[in-house]
Amino acid sequence: MSPYSDAPGSVRSASEVNERIRSLWLRTGGSLSAQERQEYELLVVEWAAAIRGEMVTAA
């Protein structure tokens, strides 16, 4: 789970994580610092896990 989550162990939907990713890119103007890149990478991992979970649930 991303350390940037709202609560430890919280599970966000893929769309919510995607919105966080979009917000990060908008906030930074498309140029990420090392810390922001780390946040982005964690969000992408979280998004991928959420997508897998949603696919399993939908099946």
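The exercises below, each with a worked solution, concern a predicted model.

**Exercise 1.** Determine which residues of α1 are buried and how they are arranged around the axis.

Solution. 
- Step 1. Take the extent of the helix: α1 has 15 residues and spans 21 Å from first C-alpha to last, close to the 21 Å expected at 1.5 Å a residue.
- Step 2. List the buried positions: Ala14, Val17, Ile21, Leu24 and Thr28.
- Step 3. Check their directions: these residues cover an arc of only 80° around the axis, so they lie on the same side of α1.
- Step 4. Recall the helix geometry: with 3.6 residues a turn, residues three or four places apart in an α-helix point the same way.
- Step 5. Turn to the face directed away from the buried side; Ser15, Leu26 and Arg27 are the exposed residues there.
- Step 6. Look past the end of the helix: Gly29 follows α1 and has a positive phi, near 70°.

**Exercise 2.** Find the salt bridges of the structure and state which parts of the chain each one links.

Solution. 
- Step 1. Search the whole structure; 2 salt bridges are found.
- Step 2. Take Glu46 and Arg12, whose side chains meet at 2.8 Å, N to O. Glu46 is in helix α2 and Arg12 in the segment before α1, so this pair links distant parts of the chain, 34 residues apart.
- Step 3. Take Glu39 and Arg27, where the closest N and O atoms are 3.5 Å apart. Glu39 belongs to helix α2 and Arg27 to helix α1, so the pair ties together parts 12 residues apart in sequence.

**Exercise 3.** Classify the aromatic pair formed by Trp25 and Tyr40.

Solution. 
- Step 1. Count the pairs: the structure holds 1 aromatic pair.
- Step 2. Read its geometry: Trp25 and Tyr40 are 5.3 Å apart, centre to centre, with 75° between the planes. An angle over 60 degrees counts as edge-to-face, so that class applies.
- Step 3. Locate the partners: Trp25 lies in helix α1 (residues 14-28) and Tyr40 in helix α2, so the pair ties together parts 15 residues apart in sequence.
- Step 4. Compare accessibility: Trp25 is partly exposed at 29%, and Tyr40 is partly exposed at 23%.

Conventions. Residues numbered from 1 in each chain as written. Heavy atoms only, no water. Phe/Tyr/Trp six-rings, centres within 6.5 Å; stacked < 30°, edge-to-face > 60°. Helix = DSSP H or I, 4+ residues; strand = E, 2+ residues; numbered from the N terminus. Buried < 20%, exposed > 50% of the residue type's maximum accessible area, 1.4 Å probe, protein only. Expected span 1.5 Å × (residues − 1). Arc of directions from axis to C-beta. Salt bridge = Lys/Arg side-chain N within 4 Å of Asp/Glu carboxyl O.
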